[in-house]
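Me: Please walk me through this structure in short questions and answers. Start where the chains meet.

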Amino acid sequence: MLLEVKDVGFVYQTPEREKEALKDVSFTIGQGEFVSLVGPSGCGKSTLLAVLAGLDRPTSGVIRLEGQELLSVSPAIGYMLQKDHLFPWRSVRANIELGLEIQKKKDYAHIKAAERLMKCYGLWEVADMPPGQLSGGMRQRCALIRTLITDPEFLLLDEPFSALDYQTRKAVSVDIRSIIKQEKKTALLVTHDISESIMLSDKIMVMSHAPGRIIAIHDLSVFRDIPPMERMEHTEYQSLLKQIWKELDIHYT
Amino acid sequence: MLVLFIALWEILTAQRVIDPFIFSSPSRVLKTLSNLSENGELWKHISTSLIETVSGFSIGTASGILIAVILWWSPFLSGVLEPHLIVLNALPKTALGPIFIVCMGAGTGSIIAMTLAISLIVTILNVLNGFLQTDMEKVRLLRIFGAGKVQIFTKLVLPANLSAIVNVMKVNIGLSWVGVITGEFLVSKAGLGYLIVYGSQVFKMDLVMASVLILAVFALIMHLAIVMLEHFVRRHFDLK
């Protein structure tokens, strides 16, 4: 087991009142798993990711990464935010090397590793260009490589495809999953899109309305050997989609 | 447009449609400049104002940016000092002139102090505002990589605000000239501000117009230097 989250709670302190964002959140994620977290808007998904990244301390409970309690930001955890946040004053290559510079890991081996990833994932030709000239998909790949190059064991993906149009989003999400699997990383993806979570994941966790709790965990071993884009044609797909939708308990008035 | 204006000015004064004694004329301005140049006075006055402006601009911009960095670094100091800075910014700075003269004497020191009074607070407030408006999600990204405050500043806040800093420098060039000319009105015995005051007191409007013309030329040259710096910064940092 790579990550263990046990009875984690988080309470926001605002000047007016306290707001409970997470309550008794417990789950585990194994080495190499790609797990999705779905839940209604405002249920605390991004809060949970910030807590897992070590940016915020949980107000209760414990988080263990490879058996060690997580108390602050750890180089073993990589975080991909909703936007790519590439710096326009840096080239693609310099953007990718940003984390290495901060963590003082910019040595020959890591520079070569960055070059390998850029060559592997179609960024080599644009390595010395500013990111403004990249397509949406290329920008996301650049952001992922920037995260991967610092060698994190565990990746947190906070709706990284939400800024992309539908077709690009499908292609890029499958692309990103494939890179994560090839690099043998473990990932937790936060998404609003149930269909996307079924396409990409080994496991789906469903969160309740705020304060967020894990109310269901779906093991997708039945889809294990099916490529993401073909999962929609599987007989289980529709029933799983309906079940998760029901669990989300979203009502429109 | 400028050529047309100068031609029109010359024709109207030659035809006495407007009074050349009050409004001077391009030919009289040129003659005045030539006389000043011949007796060596021209460069003395230009260099005096130029040295004061460049000194005031450099000290005002550098110390303004430095103070903005310190205030960005310390939210406590920023919280304590910002209300005072806002009050100082609203104060008409020429009111401080007599205080500078009493404290620093009637010389270059007072003129540079006047320049600083006019440009420093604006620099601090504008640069600090730019620093504080840095995208917090990008700050979050750097924190996830384990960046401390120094790295957040050098990798993100400073490069993200280079464009804003160049804009502040553009404004400061104008403000520094205002400070120097105001200071020279009050205390100096040399400089373009002195020439303007002297010319108006003895009713030599040719001298006043010639000084204003030199002032405009040098303000333009310094502005163009900052525009070139801006092009350099944009080219090298790909700022949008």
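**Chain contact, helices and strands**

Reply: In this predicted model, 17 residues of chain B are in contact with 17 residues of chain A; contact puts the C-beta atoms, placed from the backbone, within 7 Å. Local features need pLDDT of at least 70, and side-chain atom pairs count only at pLDDT 80 or more, while totals for chains, interfaces and linings use all residues. Residues are numbered from 1 along each chain as its sequence is written, and chains are lettered from A and ligands numbered from 1 in the order in which they are written.

Me: Which helix gives the most to the side of chain B that touches chain A?
Reply: Helices here are DSSP runs (H or I, at least four residues), strands are E runs of at least two, and both are numbered from the N terminus. H8 (136–144) and H9 (149–160) of chain B each supply at least two residues of that side. The top contributor, with seven residues, is H8(B).

Me: How many residues on the side of chain B that touches chain A are charged?
Reply: Asp, Glu, Lys and Arg count as charged; Ala, Val, Leu, Ile, Met, Phe, Trp, Tyr, Cys and Pro as nonpolar; the others, Gly among them, as polar. Eight residues of that side are nonpolar and two are polar. The charged ones number seven.

Me: How are H4(B) and H10(B) oriented to each other?
Reply: H4 (41–73) and H10 (162–187) of chain B pack with axes 9 Å apart, at an angle of about 135°. Axes are lines fitted to C-alpha atoms, for helices over the stretch in contact, and angles run from 0 to 180 degrees between N-to-C directions. Under 35 degrees is roughly parallel, over 145 roughly antiparallel, 65 to 115 roughly perpendicular, and the rest oblique. H4(B) and H10(B) are therefore oblique.

Me: Which strands are the edge strands of the six-stranded open sheet in chain A?
Reply: The order is E6-E7-E8-E3-E9-E10 in chain A, with mixed pairing. Two strands pair if DSSP finds at least two bridges between them. Pairing on one side only marks the edges: E6 (77–80) and E10 (214–219) of chain A.

Me: Which residue stands opposite Gly78(A) in E7(A)?
Reply: E6(A) and E7(A) (residues 154–158) run parallel, joined by four bridges. Opposite Gly78(A) stands Leu155(A).

Me: How many residues lie between E1(A) and E2(A) in their hairpin?
Reply: E1 (3–13) and E2 (18–29) of chain A are antiparallel, over eight bridges. Gln13(A) stands opposite Glu18(A). The number between the two strands of the hairpin is four.

Notes:
Two residues are in contact if their C-beta atoms, placed from the backbone, lie within 7 Å.
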